[in-house]
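Here is a short report on one protein chain. Keep the sequence and the structure open while reading.

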Amino acid sequence: MLNKLKILEDKYLELSEKVADPEIISDQPTWQKLMKETSELEPIVMKYKEYRAASDLIAESKEILEEESDEDLRELAKLELSEAEASLKEVEKELKVLLVPKDPNDEKNVIVEVRGGAGGDEAALFAADLLRMYSRYAERRGWKTTLMSSNETGVGGFKEVSFMIKGKGAYSRLKYESGVHRVQRIPSTESGGRIHTSTATVAVLPEVEDVEIQLNPEDVRVDVFRASGNGGQCVNTTDSAVRLTHVPTGEVVSCQDEKSQLKNKEKAMKVLKARLYDKALSEQQKGIAEERKSQVGTGDRSERIRTYNFPQGRVSDHRINLTLYKLDSFLDGDLDEMIDALITVDQTEKMSSF
């Protein structure tokens with residue numbers, strides 16, 4: 001760890017010189033990139049200085065205890081040694097957290113896709129519940145939610161729904177939501193009072209900038225069609241709906257929620273790029289099997305991650321064996337306790353490699 005910290009400190013000093021160079025300052029894109037790297041390294045370097053200061057104080061205190069016979073000086077050295085050793089342990093913990101590799105997507109907006117799974121109408125209603133849950137969570141954090149596309153059922157649920165959440169650090173917190181969510185409750189249509197089990201799948205994709213994924217326009221087939229379902233006269237009587245097909249992969253995205261064909265195409269393109277980027281990331285991670293096992297935030301989409309049990313008023317996350325008896329508030333967007341626990345476990349597992 002100390003070797004890595006020294007390398008990072010040297011890099012920080014080198015970058016600090018570069019960002020002060022007038023020639024680099026005149027090249028704003030390069031300067032901004034270097035400033036970003038510098039600001040990311042600064043907290044680690046400052047904490048490393050604290051670590052060295054505590055280590056030096058420990059060495060000085062031990063030297064005094066070995067060489068001094070004056071009792072007052074020895075008592076003072078003992079006190080300083082005890083405080084410095086406690087400080088060193090705390091700083092070492094903080095350094096390990098700072099050294100955990102940061103996901104380059106953490107600060108990005110996200111596209112969330114929710115699909116009703118096993119359970120028919122009840123699964124579709126649960127998908128609608130999850131849409132509301134994430135929308136309420138976004139509100140609590142001051143983030144903005146925008147509907148991208150939806151396929152509604154006649155009972156007020158969704159076969160599938162995609163929406164974007166815009167906010168600083170949205171992906172860093174919501175990436176842990178990808179997977180299969182299971183609900184256990186008595187459906188409103190159940191006359192016998194029996195508990196049914198249904199599922200919905202959630203995929204959380206980071207929003208992709210154009211520079212991050214090259215999409216050849218010739219690889220994308222664009223079809224327009226007349227929207228169906230609920231909507232105003234313009235929505236249902238004009239060819240405003242758009243379907244994009246990425247021919248090489250067979251990935252298909254449809255959007256019909258906007259009256260404008262252009263807006264529907266823009267939204268569909270965002271979703272398509274996010275899916276292709278996510279697919280590329282998944283391919284890269286296949287060769288890192290052991291690391292994937294230790295990261296709760298990058299689990300298989302087919303993995304059942306959470307159960308929402310209405311009769312018992314509980315929500316249980318199976319990855320970290322955490323159960324909260326606050327189902328109503330959880331579904332109203334009170335997710336932070338669960339997400340904080342997932343982040344803690346994820347960071348702890350990553351720190352164990354140091």
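## Contacts and overall make-up

Take the contacts between residues at least 6 apart in sequence: 62% of them join residues at least 24 apart. The model is predicted. The chain holds eleven helices and eleven strands.

Of the 354 residues in the chain, 41% are buried. The chain exposes about 19,500 Å². Carbon and sulfur atoms supply 50% of that area.

## Helices α1 and α3

Helix α1 covers residues 2–19, and helix α3 covers residues 28–67. Their axes come within 8 Å and cross at roughly 135 degrees. By class, the contact of α1 with α3 has 15 nonpolar, two polar and eight charged residues.

Y12 sits in helix α1. Is this residue buried or exposed? Y12 is buried, because its relative accessible area is 12% and the cut-off for buried is under 20%. Leaving aside neighbours within four places in sequence, Y12 contacts T38, L41, E42, V45 and M46. The C-alpha atoms of Y12 and E37 are 8.3 Å apart. Along the chain, Y12 and E37 are separated by 25 residues.

T38 belongs to helix α3. T38 is also buried, with a relative accessible area of 8%. Which residues does T38 touch, not counting those up to four places away in sequence? They are Y12, L15, S16 and V19. The Y12 list includes T38 in turn.

## Helices α3 and α4

Helix α3 has another contact, with helix α4 (residues 71–99). The axes of α3 and α4 come within 8 Å and cross at roughly 155 degrees. How are the two helices oriented? They are roughly antiparallel, because that term applies to angles over 145 degrees. The crossing of α3 and α4 is left-handed. The contact of α3 with α4 divides into 18 nonpolar, three polar and nine charged residues.

## A buried loop glycine

G169 lies in the loop between β3 (158–166) and α6 (170–174). G169 is buried, with a relative accessible area of 6%. Which residues does G169 touch, not counting those up to four places away in sequence? They are D106, E107, K108 and W143.

One of these contacts can also be given as a C-alpha distance. G169 and E107 are 62 residues apart along the chain, yet their C-alpha atoms are separated by 4.0 Å.

## An exposed loop asparagine

N321 is in the loop between β10 (314–317) and β11 (322–324). Is N321 buried or exposed? N321 is exposed, because its relative accessible area is 71% and the cut-off for exposed is over 50%.

The backbone of N321 also deserves a look. Phi of N321 is near 55 degrees, a positive value in a residue other than glycine. Most residues other than glycine have a negative phi.

Methods
Residues numbered from 1 in each chain as written. Predicted model: local features only at pLDDT ≥ 70, side-chain atom pairs only at ≥ 80, totals over all residues. Heavy atoms only, no water. Helix = DSSP H or I, 4+ residues; strand = E, 2+ residues; numbered from the N terminus. Buried < 20%, exposed > 50% of the residue type's maximum accessible area, 1.4 Å probe, protein only. Contact = heavy atoms within 4.5 Å. Areas by Shrake-Rupley, 256 points an atom, 1.4 Å probe, with all protein chains shown as cover. Axes fitted to C-alpha atoms, helices over the stretch in contact; angles between N-to-C directions. Nonpolar A, V, L, I, M, F, W, Y, C, P; charged D, E, K, R; others polar. Parallel < 35°, antiparallel > 145°, perpendicular 65-115°, else oblique. Left-handed = near helix turned anticlockwise from the far one by under 90°.
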